[in-house]
Amino acid sequence: MPLHPDARTMIDGMMGSGIGLGADASPVAVRELMRSMLPPVADRPPVHSVTDSAVPGPAGDLAVRVYRPTDAAVLPGIVWLHGGGFVIGDLETHDSMLRMLAVDVGAAIVSVDYRLAPEHKFPAAVDDVSAAWSWIAGHAADLGIDPSHLALGGDSAGGCLAIVATLAARDAGAPLPAFVLLVYPVTDLEYESTSMRENASGYYLEVEGIRWYNAHYARSDADHDDWRYSPLRAPSLAAFPRALVITAEYDPLRDQGEAFAARVRAEGGDARVLRADGLFHGFFGMHPFLAPARPAWDDAVGTLRRALRAEGGG
């Protein structure tokens with residue numbers, strides 16, 4: 001279907017905000033601009049409690065933020081890995097979205113702040129999230145989370161990291177997520193798919209920007225073939241947990257996200273694809289002011305609630 005008119009209005013507003021990812025863009029400047037556009041905490045969606053803490057990482061403690069929608073002593077949980085191309089994004093950029101997700105699913109959410117490139121290139125982020133998942137899964141009860149009902153999720157680059165952390169846990173014989181939510185995930189270093197060519201520019205995330213992210217994240221071109229960088233190239237996706245992969249019609253990453261789900265199914269897994277027609281990369285969580293984003297949000301919430309047997313929320 002055509003790009004939804006409300007989506008076009010939203011994209012035009014975001015692309016006119018001054019956030020540009022040309023070759024000369026400074027990661028520090030882009031991060032600062034993004035933070036300057038966030039609403040104050042008092043204007044963010046309400047949630048029962050928000051607690052900043054830390055978990056052990058391979059190079060020191062990793063900041064985490066824990067959202068609890070109720071005062072229940074034990075809740076199902078979701079570990080969330082934020083997007084941002086491995087270069088931008090942090091606990092603050094995803095705060096509003098995760099407040100809503102915690103309340104609507106009725107689950108505690110642990111948001112992980114992993115190291116970013118170019119200060120910390122690949123595989124720093126991979127090492128961080130794998131360590132964070134392992135620690136949280138092993139200490140869920142200490143966090144008031146039912147370890148048997150703990151999911152893993154991420155958007156964009158965070159979706160890539162969620163895949164890699166899951167595969168690393170599988171290979172190590174460590175606890176696996178009860179469910180995996182992948183929102184327009186990065187799964188491969190490629191520029192030739194149909195969605196890359198058709199959606200190369202004009203839809204917020206542009207191929208020029210993807211090249212900018214990769215230039216900062218990779219140490220060299222050799223990293224691109226590492227399955228931890230491009231998890232669609234992993235030797236095996238067998239035993240991947242049940243998953244929902246959300247893609248957007250007007251997103252350069254659409255085809256690689258759907259290709260990942262198809263390969264999981266081909267190797268015996270259960271990975272459902274929900275393509276948000278008429279929408280763009282970045283739409284998830286915009287439903288309060290972008291009506292066509294609501295159906296995908298509701299589907300994700302309902303799927304998580306069933307997967308985690310969560311009660312409460314709306």
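Helices (H or I, at least four residues) and strands (E, at least two) are DSSP runs, numbered from the N terminus. This is a predicted model, in which local features need pLDDT of at least 70, side-chain atom pairs count only at pLDDT 80 or more, and totals for chains, interfaces and linings use all residues. Residues are numbered from 1 along each chain as its sequence is written, and side-chain values use heavy atoms, with hydrogens and water left out.

**View 1. Confidence along the chain.** pLDDT is the predictor's confidence in each residue, from 0 to 100. The chain averages 96, and 98% of the residues score at least 70. Confidence is lowest in helix 1 (residues 5-15), with a mean of 91, and highest in strand 6 (residues 180-183), at 99.

View 2. Helix 3 (residues 95-105) is largely enclosed by the rest of the structure because nine of its eleven residues are buried. Look for D95, R99 and D104 among the buried residues, along with M97, L98, M100, L101, A102 and V105. Their packing partners include strand 1 (49-55), strand 5 (145-155) and helix 9 (294-308).

**View 3. Two nonpolar cores.** A nonpolar core is a set of buried Ala, Val, Leu, Ile, Met, Phe, Trp, Tyr and Cys residues joined through side-chain atoms within 4.5 Å. The largest has 65 residues, of which V79, L81, L161, Y217, F240 and F260 touch the most other members. Helix 5 (residues 157-172) gives the largest share of this core, nine residues. A second, separate core of 43 residues includes I11, V47, L98 and L304.

**View 4. The neighbours of L81.** Contact means heavy atoms within 4.5 Å. Leaving aside neighbours within four places in sequence, L81 is in contact with V112, V129, L152, G153, G154, D155, G158, L161 and A162.

**View 5. Helix 7 under cover.** Helix 7 (residues 207-217) is mostly covered, with eight of its eleven residues buried. W212, Y213, N214, H216 and Y217 are among them. The cover over these buried residues includes helix 2 (27-36), helix 4 (124-138), helix 5 and helix 6 (194-198).

Technical notes: Buried means under 20% relative accessible area, exposed over 50%, partly exposed in between (1.4 Å probe, protein chains only).
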